[in-house]
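Let's talk about charged side chains and how they pair. Have a look at this one.

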Amino acid sequence: DMIKLAIQYDKSIKGKGIVNNNSYYPGQMFDWSTSERDYFRKELLPKFVSSAKIRDGVIETLETLKEKDYKIIIITARDDKRFGNAYLKTFNWLIENKIPFDELVTSCKEKDKVCLDLKIDYFLDDDIINIDKVQKAGIKCFMIYNGYDFLRDDLDIIYNFKDLLKVLKVD
């Protein structure tokens, strides 16, 4: 996963290891210089993202939701600056991996505003910062467990994608 990649990179530059356990973002977890952080974000992270493995149950769950007339909108912060034509690369990856979706939004820094604009009923993410902002906007949120964020009683945690169907009461 991304944190393992960051740990490997940190070791390769003889870093100090994780110095901030309270962050989800590698650039804030490690004591990297600006150039080291930029190299990770611009060179290593895009390669990692493009080769990401699909979580268990994702395709089946999304297919079931589509069959039940749910509209699936993929919202990502991937932008052209780091990924070069983020929309096309993400779109192609989704198609190649047979991920069902209706709409794709890239370069999204304010997911709460996009969710409100698109009148989204449910939001699923693995980033606590996005969850908090979207939840404050009054949208029902589910957090995909990522192994790093603190679990809180106010969050509906999804450990396995198929659990989403149970929570939404989709049979």
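Start with glutamate 103. At 26% relative accessibility, this residue is partly exposed (buried is under 20% relative accessible area, exposed over 50%, partly exposed in between; 1.4 Å probe, protein chains only).

Before the partner, the ground rules. This is a predicted model, where local features need pLDDT of at least 70, side-chain atom pairs count only at pLDDT 80 or more, and totals for chains, interfaces and linings use all residues. Residues are numbered from 1 along each chain as its sequence is written, and side-chain values use heavy atoms, with hydrogens and water left out.

Which side chain meets glutamate 103 in a salt bridge? Lysine 71, at 3.5 Å, N to O. A salt bridge here is a side-chain nitrogen of Lys or Arg within 4 Å of a carboxyl oxygen of Asp or Glu. Glutamate 103 sits in strand β2 (residues 103-105), lysine 71 in the loop between α4 and β1 (73-75), 32 residues apart. Helices (H or I, at least four residues) and strands (E, at least two) are DSSP runs, numbered from the N terminus. Lysine 71 is exposed, at 57%.

Next pair. Lysine 140 bridges to aspartate 156, with the closest N and O atoms 2.1 Å apart. Lysine 140 is in strand β4 (residues 140-144) and aspartate 156 in the loop between β4 and β5 (157-158), so the bridge ties together parts 16 residues apart in sequence. Both are partly exposed: lysine 140 at 37%, aspartate 156 at 29%.

Last pair. Arginine 55 and aspartate 126 form a salt bridge at 3.4 Å. They are 71 residues apart. Arginine 55 is partly exposed, at 39%.

The total count is 9 salt bridges.
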